[in-house]
Amino acid sequence: MLKIPGILNNTSFYDAELDYKWNSDMRYEWDEKVSNSKLFNLFLKLNHKASIGMAAALAEWIYWRLHKKDDIYILSKYIETLWADIIDKRYVKKWEFEFNPDEDDIIHGVKTIAIESLERSNRNYLNGRYNISAELDGQAMLARYICPDKNLFDT
């Protein structure tokens with residue numbers, strides 16, 4: 001069971017109005033729109049376990065930001081899976097993405113991108129691929145995008 005980190009355990013974070021702009025096209029254009037080569041290159045320097053830990057930590061920002069706004073229980077299960085991955089990937093069976101959101105809902109679009117990103121990172125990790133961190137820059141930009149206080153995230 002996830003426990004909210006102290007830095008995020010603030011009603012001004014998770015109860016703040018969802019004021020970011022979202023439309024269904026953003027789900028398909030997200031990676032191209034937010035590509036950050038400097039961040040991407042920094043994440044490439046992480047080892048495999050650190051990449052999975054970073055994916056889980058970034059997803060927690062998204063989870064805790066949205067947890068009172070929508071039923072995002074499925075996202076918490078993905079995050080817990082990644083934390084177990086770090087201990088030993090033999091704990092984790094390959095899991096499939098089974099989430100079919102209503103694309104017009106701003107929360108579901110964010111949730112979908114987060115879950116798809118975690119699923120790709122986990123699959124790459126379990127299969128021993130080198131590009132585990134390839135999803136991290138988009139995930140970081142997503143967490144920052146929905147954060148009500150960008151300075152909190154940047155800090």
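This is a predicted model: local features need pLDDT of at least 70, side-chain atom pairs count only at pLDDT 80 or more; totals for chains, interfaces and linings use all residues.
Q: Thanks! How many aromatic pairs turn up in the whole structure?
A: A search finds seven. To pair, rings of Phe, Tyr and Trp (its six-membered ring) need centres within 6.5 Å; planes under 30 degrees apart count as stacked, over 60 as edge-to-face and the rest as tilted.

Q: What does the pair of phenylalanine 13 and tryptophan 61 look like?
A: That pair is edge-to-face, at 5.7 Å centre to centre with 85° between the planes.

Q: Why would I care where those two sit in the sequence?
A: Phenylalanine 13 is in helix H1 (residues 11-14) and tryptophan 61 in helix H4 (residues 48-66), so the pair ties together parts 48 residues apart in sequence. Helices here are DSSP runs (H or I, at least four residues), numbered from the N terminus, and strands are E runs of at least two.

Q: Buried or exposed, those two?
A: Phenylalanine 13 is buried at 3% relative accessible area, and tryptophan 61 is buried at 15%. Buried means under 20% relative accessible area, exposed over 50%, and partly exposed in between (1.4 Å probe, protein chains only).

Q: And how are the rings of tryptophan 22 and tyrosine 145 arranged?
A: Their centres are 6.4 Å apart and their planes are at 55°, so the pair is tilted. Tryptophan 22 is in the loop between H1 and helix H2 (24-34) and tyrosine 145 is in helix H7 (residues 136-146), so this pair ties together parts 123 residues apart in sequence.

Q: How accessible are tryptophan 22 and tyrosine 145?
A: Tryptophan 22 counts as buried at 11%, whereas tyrosine 145 is partly exposed at 26%.

Q: Which residues do ring pairs link into a cluster?
A: Tyr20, Trp22, Trp30 and Tyr145.

Q: Switching topic: what sits over the ring of tyrosine 125?
A: The charged end of lysine 89, 4.8 Å from the ring centre. The cut-offs are NZ of Lys or CZ of Arg within 6 Å of the ring centre and within 35 degrees of the ring normal.

Q: On to helices. How do H4 and H7 pack?
A: They pack at an angle of about 20°, with axes 9 Å apart. The axes are lines fitted to C-alpha atoms, for helices over the stretch in contact, and angles run from 0 to 180 degrees between N-to-C directions. H4 and H7 are therefore roughly parallel; the classes are under 35 degrees for roughly parallel, over 145 for roughly antiparallel, 65 to 115 for roughly perpendicular and the rest oblique.

Q: What about H4 and helix H5?
A: H4 and H5 (residues 73-87) have an angle of about 160° and axes 9 Å apart, and they are therefore roughly antiparallel.

Q: How enclosed is H7?
A: Eight of its 11 residues are buried, so H7 is largely enclosed by the rest of the structure. Among the buried ones are Asp137, Gly138 and Gln139.

Q: What does serine 51 touch?
A: Leaving aside neighbours within four places in sequence, serine 51 is in contact (heavy atoms within 4.5 Å) with Phe43, Leu46, Ile132, Ser133 and Leu136. Serine 51 is in H4 and counts as buried at 2%.

Q: Where is cysteine 147?
A: In the loop between H7 and helix H8 (150-154). Cysteine 147 is buried at 1% relative accessible area. Leaving aside neighbours within four places in sequence, its contacts are Phe13, Trp61, Arg65 and Phe153.

Q: Last one: what does glutamate 135 touch?
A: Not counting residues up to four places away in sequence, glutamate 135 touches Ser117, Arg120 and Ser121. Glutamate 135 lies in the loop between helix H6 (106-126) and H7, and is buried at 14%.

How values were computed. Residues are numbered from 1 along each chain as its sequence is written. Side-chain values use heavy atoms; hydrogens and water are left out.
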